[in-house]
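My notes follow in the order of looking.

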Amino acid sequence: MAIRRAKQKQQVIEKLSQVAPPGETFIACVHVETGPSPWLNAIFDEIPGVGLVVALTRKFYFLTLTNTSVVVNTASRWTNRPGDVVGAFPIPSFPVSRIKRATVWSSLYVEMTPGAKPTRLNVHRYWRGELDQLLAALPQAQIPAQGGAPVGQPQA
């Protein structure tokens, strides 16, 4: 089971290298999970059975930025090993919206399948550097900074 970020990224790159076109460069890799805010786990755990149900309904993914696209693949719930590719989107048309940077758990919404309701993805601050790299590459992403000004712009 890979716990360290570098090992997880290495496993994702190894998995994606099998299906990537020649010359594809891997830039950033972010581990995300679906579902309501992880902060609510403390509340869900107080209600018998609800915490377990919420935990078991969460899905885990890796978002990987390459030189041409953003690739989404599953992650194992138990070992964090990368799984099958769910989708690959050209960088300019990656369907991301409602980006919220927070101190510990950031979130963003991604439309996994065209026309479907966007899926909330939660990103822990452990992955903040890679998330910032991913979002900086997206021309349509408006990233609010924690103080309110977009990233890259000075705060007043």
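I am working from a predicted model. I began with the sheet. It is open and has seven strands, in the order β4-β3-β2-β1-β7-β6-β5, with antiparallel pairing. I looked for the edges next. They are β4 (82-90) and β5 (96-100), each of which pairs on one side only.

Strand β6 covers residues 105-110 and strand β7 covers residues 119-124; they pair in the antiparallel sense over six bridges. Which residue stands opposite S106 in β7? I found V123 there.

**Helices on the sheet.** Helix α1 (residues 5-17) lies across β1 (26-34), β2 (60-66), β3 (69-75) and β4. Helix α1 runs at about 105° to β1. Helix α4 (residues 128-137) also packs on the sheet, and touches β1, β2, β3, β5, β6 and β7. The direction of α4 makes about 110° with that of β1.

**Whole chain.** I counted elements next. The protein has four helices and seven strands. Along the sequence I read the pattern α-β-α-α-β-β-β-β-β-β-α. I also took the totals. The protein has 156 residues, and 41% of them count as buried. Of the contacts between residues at least 6 apart in sequence, 51% join residues at least 24 apart. The accessible surface comes to about 8,800 Å², with 58% of it belonging to carbon and sulfur atoms.

**T68.** I moved to single residues. T68 lies in the loop between β2 and β3. Its relative accessibility is 45%, so I logged T68 as partly exposed; that class runs between the 20% and 50% cut-offs. Leaving out residues up to four places away in sequence, T68 touches E24, P90 and I91. I also checked T68 against F89. They are 21 residues apart in sequence, and their C-alpha atoms are 8.7 Å apart.

**S69.** I found S69 in strand β3. Is S69 buried or exposed? S69 is buried, because its relative accessible area is 11%, and buried means under 20%. With residues up to four places away again left out, S69 touches E24, T64, F89, P90 and I91. S69 and F94 are 25 residues apart in sequence and 8.1 Å apart in space, C-alpha to C-alpha.

**Aromatic pairs.** I searched for ring pairs and got two.

Y126 is partly exposed, at 37% relative accessible area. W127 is buried, at 4%.

**Charge over a ring.** I looked up one last item. The charged end of R98 sits over the ring of Y109. I read 3.7 Å from that charged end to the ring centre.

Definitions and conventions
Residues are numbered from 1 along each chain as its sequence is written. This is a predicted model: local features need pLDDT of at least 70, side-chain atom pairs count only at pLDDT 80 or more; totals for chains, interfaces and linings use all residues. Side-chain values use heavy atoms; hydrogens and water are left out. Two strands pair if DSSP finds at least two bridges between them. Helices (H or I, at least four residues) and strands (E, at least two) are DSSP runs, numbered from the N terminus. Contact means heavy atoms within 4.5 Å. Axes are lines fitted to C-alpha atoms, for helices over the stretch in contact, and angles run from 0 to 180 degrees between N-to-C directions. Buried means under 20% relative accessible area, exposed over 50%, partly exposed in between (1.4 Å probe, protein chains only). Accessible areas come from the Shrake-Rupley method with a 1.4 Å probe; for residues, only the protein chains shown count as cover. Rings of Phe, Tyr and Trp (its six-membered ring) pair if their centres lie within 6.5 Å; planes under 30 degrees apart count as stacked, over 60 as edge-to-face and the rest as tilted. A charge sits over a ring if NZ of Lys or CZ of Arg is within 6 Å of the ring centre and within 35 degrees of the ring normal.
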